[in-house]
Amino acid sequence: MLNIKLICKNFNNVVKKLANRGFELDIKFFKNLLELRNKLKKKTENLQNKRNIISKDIGNIKKTGANIKHLILEVNKLNKKLHKTSLRFEATKNKFFKIFFKIPNLPHKSVPIKKNIEINRWGIPKKFKFEIRDHIKIGSINGELDFELATKLTGSRFTVIRGNLAKLHRALIQFMLDKQVNEHGYEEMYVPYIINRNSLLGTGQLPQFYKNIFSLDGENEYFLIPTAEVPLVNSVSGKILNIKDLPIKLTAHSPCFRNEPVSYGSDYRGMLRQHQFDKIELVQIVHPNKSYVVLEDMTKHAEEILKALNLPYRVINLCTKDISFCASKTYDLEVWIPSLNSYREISSISNCEDFQARRIKTRFRKNKEKPTFVHTLNGSGIAVGRCLLAIMENYQNEDGSITVPEILRSYMGGIKRI
């Protein structure tokens, strides 16, 4: 969430930046609600202090044997006033935070306002001497990509992968984890795939994106994780870290579950838009002065996966209306998909600055100085399913087989072709 003091000091600037994101903040309503909240908070505290003083006096006077009935009556009156004021304060506070938690992060000054900007492109798309097949046709040739079975088992937008194609999917996961852990210094974690409401509030998925998250029926309010970012970031929630502990670099492989609506078309077919997909998540918890350097580093960490697999891609600096809810700045990596003759997103890397840290109350301290909020960054390193389909299409052969990228062959037991 945003810094309330920052909003109050720079209302016009904040409103302008939010408008660039397509978010309209009702200044008058927000100010009035904030003022009422602060007024009721102060009134509640004053009543509590007054009651405490009289209660202390009652104790002291009672020892002397003097009459304390008038003081007891005064305390009872204060308790009634305090009860009413406290109820109003809690109701106003809840109303305020219901609105406040829906306000997105402010975009960084380097984020383009009107349109996305391509800042880098790597690799040259292969020119095929035969008619290009999409990953759906390639997967159906030997039956190792089975959408019909997945629909029978669950419903649309799920996939069953089998045989050597499943082995390739697993090889990608292992390769990506090894790369991030062994070469880039991330600590690997295994995290729960079921998460509670507080964790989703902490990383900003709730309350804004409730409809896009799969919730579980039962006695406890649980949800399937939309990304491993949620448990990874929340692993430091409520902590005051030592400056020597920073940066904290975490990675995890997990399935991701999303109930995002999509329009029918080329992006709807096959594995591009799934309710369940696997991803290698990257998270860093860093010093505020270093977060934008780290953003560039994390982008390179994701890029190196695509380079090692020799998959053409481009890097996009997303505009204010396209960056994620919690982000101040986001880079998208888009991989080349031959059947679409275009690039499609395969990774997003975002700097959330202190937006998530304020929600999860995570700070760091240097010596005996006042604690300061950390900055959090997250990104995909990378989406496994989309990487698999990109390999299937970019490495396809005329007979419908798939050449296994050289770097993955050791993970495949030496298999060179599927």
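1. Two strands are taken to pair if DSSP finds at least two bridges between them. Helices (H or I, at least four residues) and strands (E, at least two) are DSSP runs, numbered from the N terminus. This note concerns a predicted model, in which local features need pLDDT of at least 70, side-chain atom pairs count only at pLDDT 80 or more, and totals for chains, interfaces and linings use all residues. Residues are numbered from 1 along each chain as its sequence is written, and side-chain values use heavy atoms, with hydrogens and water left out.

2. Overall description. The protein has 12 helices and 16 strands. Its C-alpha trace spans about 100 × 45 × 40 Å along the principal axes. Of its 418 residues, 48% count as buried, where buried means under 20% relative accessible area, exposed means over 50%, and partly exposed lies in between (1.4 Å probe, protein chains only).

3. The sheet of strands 5, 7 and 6. These three strands form an open sheet in the order 5-7-6, with antiparallel pairing. Strand 5 (194-196) and strand 6 are the edge strands, each pairing on one side only. Strand 6 is joined to strand 7 (residues 222-224) by two bridges, and the two run antiparallel. Within strand 7, Phe223 stands opposite Ser215.

4. A surface patch. Ile194, Leu216 and Tyr222 make a nonpolar surface patch of about 240 Å². Such patches are made of residues with over 30% relative accessible area and no salt bridge; like charges are joined within 9 Å, and nonpolar side chains (Val, Leu, Ile, Met, Phe, Trp, Tyr) within 5 Å. A salt bridge is a side-chain nitrogen of Lys or Arg within 4 Å of a carboxyl oxygen of Asp or Glu. The accessible areas come from the Shrake-Rupley method with a 1.4 Å probe, and for residues only the protein chains shown count as cover. Leu216 lies in strand 6 (residues 215-216) and counts as partly exposed because its relative accessibility is 31%.

5. Strand 10 and its partners. Strand 10 (residues 276-286) is largely enclosed by the rest of the structure, because 10 of its 11 residues are buried. Strand 9 (residues 248-257) pairs with strand 10 in the antiparallel sense over 10 bridges; Asp278 in strand 10 is the bridge partner of Pro255. Strand 10 is also joined to strand 16 (residues 375-383) by seven bridges, again antiparallel, and Val286 stands opposite His375 in strand 16.

6. Aromatic pairs. Rings of Phe, Tyr and Trp (its six-membered ring) pair if their centres lie within 6.5 Å; planes under 30 degrees apart count as stacked, over 60 as edge-to-face and the rest as tilted. By this rule the count is 15 aromatic pairs. Phe30 and Phe96 form a tilted pair, 5.3 Å centre to centre with 40° between the planes. This pair links distant parts of the chain, since Phe30 is in helix 3 (residues 27-64) and Phe96 in helix 4 (residues 69-100), 66 residues apart. Both Phe30 and Phe96 are buried. Trp336 and Tyr343 form an edge-to-face pair, 5.0 Å centre to centre with 70° between the planes. Trp336 counts as buried because its relative accessibility is 12%, and Tyr343 because its value is 8%.

7. Aromatic cluster and charges over rings. Phe11, Phe30, Phe96, Phe97, Phe100 and Phe101 form one aromatic cluster. A charge sits over a ring if NZ of Lys or CZ of Arg is within 6 Å of the ring centre and within 35 degrees of the ring normal. The charged end of Lys31 sits over the ring of Phe11, 4.7 Å from its centre. Likewise, the charged end of Lys249 sits over the ring of Tyr186, at 5.1 Å from the ring centre.
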